[in-house]
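The sequence and structure come first.

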Amino acid sequence: MVHEETVTDVAEAARRARFGTLPERVRLADTVEEKPATVQDPARNDYNDDEWLVRNVV
C-alpha cells in the first residue's frame with residue numbers, strides 16, 4: 001500500500017510540475033500583425049479627378 005501511495009505522489013508531482021500553473025498571458029495586441037495588403041504605387045495619385053474643373057471651367 002505504501003508503494004502505491006508513493007507512485008501516486010510521484011505521478012501527482014509530475015502532473016503538477018507540468019500542468020500546475022497557467023501559461024503567461026499574451027496581450028491581444030501582441031497576437032495581431034498588421035502589414036499593407038499591397039505596396040503603395042507612387043504614380044497612383046498623380047492624376048487629380050478635380051483638376052479638369054480648374055482647367056476647363058474658368
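## Asp 30 and Arg 27

Asp 30 and Arg 27 form a salt bridge, with their closest N and O atoms 3.9 Å apart. A salt bridge here is a side-chain nitrogen of Lys or Arg within 4 Å of a carboxyl oxygen of Asp or Glu. Asp 30 is exposed at 54% relative accessibility, and Arg 27 is exposed at 56%. Buried means under 20% relative accessible area, exposed over 50%, and partly exposed in between (1.4 Å probe, protein chains only).

## Basis of the model

The model is predicted: local features need pLDDT of at least 70 and side-chain atom pairs count only at pLDDT 80 or more, while totals for chains, interfaces and linings use all residues. Residues are numbered from 1 along each chain as its sequence is written, and side-chain values use heavy atoms, with hydrogens and water left out.

## Arg 16 and Glu 12

The whole structure contains two salt bridges. Besides the pair described above, Arg 16 and Glu 12 meet through their side chains, at 3.4 Å from N to O. These residues lie four apart in helix α1 (residues 2–19), so about one helical turn separates Arg 16 from Glu 12. Arg 16 is exposed at 58% relative accessibility, whereas Glu 12 is partly exposed at 32%.

Side chains of opposite charge can pair when their charged atoms come close.

## Nonpolar patch

A nonpolar surface patch is formed by Tyr 47, Trp 52, Leu 53, Val 54 and Val 57, which together have about 560 Å² of accessible area. Patches take residues with over 30% relative accessible area and no salt bridge; like charges are joined within 9 Å, and nonpolar side chains (Val, Leu, Ile, Met, Phe, Trp, Tyr) within 5 Å. Val 54 sits in helix α2 (residues 51–56) and is exposed, at 61% relative accessible area.

## Whole chain

The chain has two helices and zero strands. Helices (H or I, at least four residues) and strands (E, at least two) are DSSP runs, numbered from the N terminus.

Of the chain's 58 residues, 0% count as buried. Its accessible surface is about 6,700 Å², with 54% belonging to carbon and sulfur atoms. Accessible areas come from the Shrake-Rupley method with a 1.4 Å probe; for residues, only the protein chains shown count as cover.
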